[in-house]
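This report takes up the packing of helices, the pairing of strands and the overall dimensions of the model shown below.

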Amino acid sequence: MSAAALLEVDRVSKQFGGLRAVADVSLTVRAGEIVSLIGPNGAGKTTFFNLLTGQLAPSSGQVRFRGQAINALPPHARARLGMGRTFQIAKPLVALNALENVMIGSFLHEARLGAARDKAMAVLERVGMAHLAARRAGELTLSERRRLEVARALALEPQIVLLDEVMAGLNQSEVGHEIELLHGLHAQGLTFLIIEHNLKVVRAFSDRVVVLDRGALIAEGTADEILNSPAVVQAYLGQGHVGSGTEAALSPEPI
Ligand SMILES: Nc1ncnc2c1ncn2[C@@H]1O[C@H](COP(=O)(O)OP(=O)(O)OP(=O)(O)O)[C@@H](O)[C@H]1O
Ligand SMILES: [Mg+2]
C-alpha cells in the first residue's frame with residue numbers, strides 16, 4: 001500500500017441476480033487526487049459508488065479507506081471516517097431550507113444545535129450559497145440544488161468527496177462556475193472521485209480518468225489518453241463506429 005493511498009479498492013464485484021453490475025474493479029485514489037469515472041449508461045458507475053460508501057455490500061472484493069478495511073461498515077460509519085458523497089438522484093428535504101438541509105450533515109460531527117448551525121452556515125459560505133440559507137430547498141433552481149448537494153456532502157467534513165453527475169442538466173456557464181468551485185475545494189485539500197458525462201468537466205478537472213464498461217474497468221490514464229482511446233470510443237459507440245468517434249459523440253449530453 002502506498003503511504004498516500006486514501007481509498008483502495010481491490011477486485012470488487014457486485015452481482016444483481018444474473019447481472020454483474022461491477023466486475024473485479026480495482027482502483028486506488030491517493031490523497032489530493034482528482035479521479036474521474038466515466039462510462040456508458042448502465043456501466044456500473046453509480047453501483048460502484050454505492051459499494052464504496054456502503055449503500056450496497058460487494059459480492060466479493062475489499063474496500064479500504066485510510067488503510068482500514070471498511071466492507072463491514074454502514075454508510076454513516078464510512079462518512080464518519082471521511083467519505084462524503086452526492087447522489088445521482090438528489091433528495092433534498094424540500095420543505096426544509098438550505099441551511100437545515102446542510103445541518104443534517106453537520107450533525108454527524110456536532111451534536112449541539114447552535115454549533116451544527118454555525119458549521120452548516122460556514123459550508124454554505126464556502127460554496128457561495130450563504131444568501132440562500134433561508135430558501136426552501138424546493139424553491140432552489142436546478143444549479144442551486146446541485147450545489148446544495150455538494151454542500152451537504154461537505155458538511156460531513158470529508159477527506160474524499162464522491163460526486164455522481166453533479167453537473168447534469170446545467171448550462172455551460174453554470175458548469176464553469178461548478179468547476180471553479182471544485183478547483184477551490186481541491187486547493188483546500190479535498191480529494192475527489194467524480195462520475196461525469198460532461199467531457200468538458202473531465203478535461204478541466206481530472207488528474208486521472210478511469211473508464212467502466214459493462215462493470216469492468218477497461219481503461220485508465222490522463223484525460224487526453226482516455227478521450228483519444230479507440231477502446232473507449234468503442235465502449236461508448238459500439239463495434240463498427242471506431243474511428244468516427246468524436247468527443248461530442250462520446251458525451252450523451254451537450255458539452
Ligand atoms: N439495485 C439494483 N438491482 C438490480 N440491478 C441494478 C440495481 N442497481 C443497478 N442495477 C443495474 O446495474 C447496472 C449498472 O447500473 P448503474 O446505475 O450502476 O449504472 P451507471 O453507470 O451509473 O449508469 P448511468 O450513467 O445511467 O447513471 C444497470 O444495468 C442497472 O440496471
Ligand atoms: Mg449512475
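Helix 3 passes helix 5 in a right-handed crossing, a crossing being right-handed if the near helix is turned clockwise from the far one by less than a right angle, and left-handed if anticlockwise. This is a predicted model, in which local features need pLDDT of at least 70 and side-chain atom pairs count only at pLDDT 80 or more, whereas totals for chains, interfaces and linings use all residues. Residues are numbered from 1 along each chain as its sequence is written, while chains are lettered from A and ligands numbered from 1 in the order in which they are written.

Helix 3 (residues 98-106) and helix 5 (residues 142-154) pack with their axes 7 Å apart, at an angle of about 30 degrees; the axes are lines fitted to C-alpha atoms over the stretch in contact, and angles run from 0 to 180 degrees between N-to-C directions. The residues that make the contact (C-beta atoms, placed from the backbone, within 7 Å) are tabulated here.

| Helix | Residues in the contact |
|---|---|
| Helix 3 | Ala98, Asn101, Val102, Gly105 |
| Helix 5 | Leu148, Ala151, Arg152 |

The protein chain has ten helices and ten strands, which are DSSP runs (H or I, at least four residues, for helices; E, at least two, for strands) numbered from the N terminus. Four of the strands form an open antiparallel sheet in the order 2-1-4-5, where two strands pair if DSSP finds at least two bridges between them. Strand 1 (residues 5-16) and strand 4 (residues 60-65) run antiparallel and are joined by five bridges.

Along its principal axes, the C-alpha trace of the protein chain spans about 60 × 40 × 35 Å.

Notes
Two residues are in contact if their C-beta atoms, placed from the backbone, lie within 7 Å.
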